[in-house]
Amino acid sequence: MRFSPEKLKIPDQRMKPFIDPEEIWSFINSTKPDKQRVRDVIAKSLDKHRLSMEETAVLVNSVGTDLFDEIRHGAKELKDKVYGNRIVLFAPLYVGNKCTNNCQYCGFRVSNRDAIRKTLTDDELIKEVEALEDNGQKRLILVYGEHPDYSPEYIAHSVKTVYGVKKGHGEIRRVNINAAPLDIEGFRIVGESGIGTYQIFQETYNPEAYKWYHLGGKKRDFEYRLTALDRAQEAGIDDVGIGALFGLYDWRYEVLGLLRHTNHLEACYNVGPHTISFPRIKDALSLNIDGKYQTSDEDFKKLVPILRLAVPYTGLILTAREAPDVRKDVMQYGVSQIDGGTKLELGSYSDSQNEVQNLNREQFKISDARSLAEVIDELLTNDYLPSFCTSCYRMGRTGEHFMEFSVPGFIKRFCTPNAILTLSEYICDYATDEVAEKGWKAVEKNLQKLESGVMQNTKDKIERIKKGERDLYF
Ligand code: SAM
Ligand code: SF4
């Protein structure tokens, strides 16, 4: 059905900006880290309830006190009890870096005359996807600058192209998007191409600060960006991802901003964001940020457990912007997805010569340039269960993080067996002998967590995978 504006009945409050800086600051300024209160707040989260703004502010204000250890423990307990040891893997794929905006933190901004601009041709895109498949990737996020060339039709075309690439046992089973905000019709066009999550980061939830950093182009409009995912919902995309770019403004404010955005989506659409991202600013071509709000490693390691407790049923994404040691540390507090084998330069997955980052060609500098195999090796060593599962999305079970969290037994019936099956595929098709040995041990160990019926069914499927069948899931 074509979009017709007159049929649109969007209640006013959905399109009104829902961020009030005074309100956010009043929560931060009026709460105190009282011991009993902190414990009650942690208990509420462990009891599987999303925290309120005021409760989250209590946690934020506990930073720097002895109580913070209890917050960390709480987040770890929540992760261990609810989500277990699975970590879902994905890779970003930059499709085009032309951009008409002027974001002061980004190497792709229009004023960066030294940036080398490129948009992958269909053939180049296919080569990139083949190279990613050869590494064992199954889930991608496609990334675009904001430019008239990257119309909704173009984005939809690139999504379909990616899904169409099959090499050996390789295929991409879930394509997420990180691109500019669209109008409702635009979101509908992209949604119909079969995307997973549409991700847009607000960058900063403070409208004043937002103005300092966004000096030109459509992205200057704070409210248009803030209400983007409302338009996505109106267009039928209910799987959306939010994020803030830490380092632009006070991190405590941004944590509450993310929570306010979550409240808003839940209140209006009965479904919160599927994922929350918390990237930190990294070096980029002509980075123009004064560093006043730089989020230190120490603060970063605090904000992740707070976010975990504040939004216990939302996926948390941690990227290769962070160094391996930071990733390893914060992963214990409830991260659900990480990227592995990440390369940002356009065309670099298929160009094996290209190992060194060149900031004239890339959005920013990453701190974890390890291959997917190395990342998986480390996950296995640290007793995580790497997963490439895409089952819920393909079975139409949207809101899987919510289900994992709220439906008793869901993880044991679906997530763990599907993680085991996708890891088994990875081992058969892509792993070195050493990783394979660790991987099969992890498979064996995690099978023991399943009830006998599911365990037997999973074992039967593993045997079929060993004989060459693929894409078996629950
Ligand atoms: N152009 C689209 C947009 O701005 O929404 C797509 C996003 S951009 C290619 C992906 C995200 O990277 C941005 O939303 C921003 O949060 C993040 N980013 C930009 N510059 C960065 C930097 N120097 N360090 C870390 N992350 C950065
Ligand atoms: Fe363009 Fe996005 Fe970079 Fe801003 S963050 S300059 S919109 S690519």
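Start with ligand 2: the residues near it, meaning those with a heavy atom within 4 Å, are Cys99, Asn101, Cys103, Tyr105, Cys106, Phe108, Arg109, Gly145, Lys219 and Gln363. This is a predicted model, where local features need pLDDT of at least 70 and side-chain atom pairs count only at pLDDT 80 or more. Residues are numbered from 1 along each chain as its sequence is written, and ligands are numbered from 1 in the order in which they are written.

That shell divides into five nonpolar, three polar and two charged residues, with Cys and Tyr counted as nonpolar and Gly as polar.

Now for the helices. Two packed helices are described by the angle between their axes and the distance between the axes. H4 (residues 53–60) packs on H13 (residues 297–310) at about 155 degrees, the axes being 10 Å apart. Angles over 145 degrees count as roughly antiparallel, so H4 and H13 are roughly antiparallel to each other.

Further along, H18 (residues 410–430) and H19 (residues 433–447) pack at about 160 degrees, with axes 10 Å apart. H18 and H19 are therefore roughly antiparallel to each other too.

Note on methods:
Heavy atoms only, no water. Axes fitted to C-alpha atoms, helices over the stretch in contact; angles between N-to-C directions. Helix = DSSP H or I, 4+ residues; strand = E, 2+ residues; numbered from the N terminus. Parallel < 35°, antiparallel > 145°, perpendicular 65-115°, else oblique.
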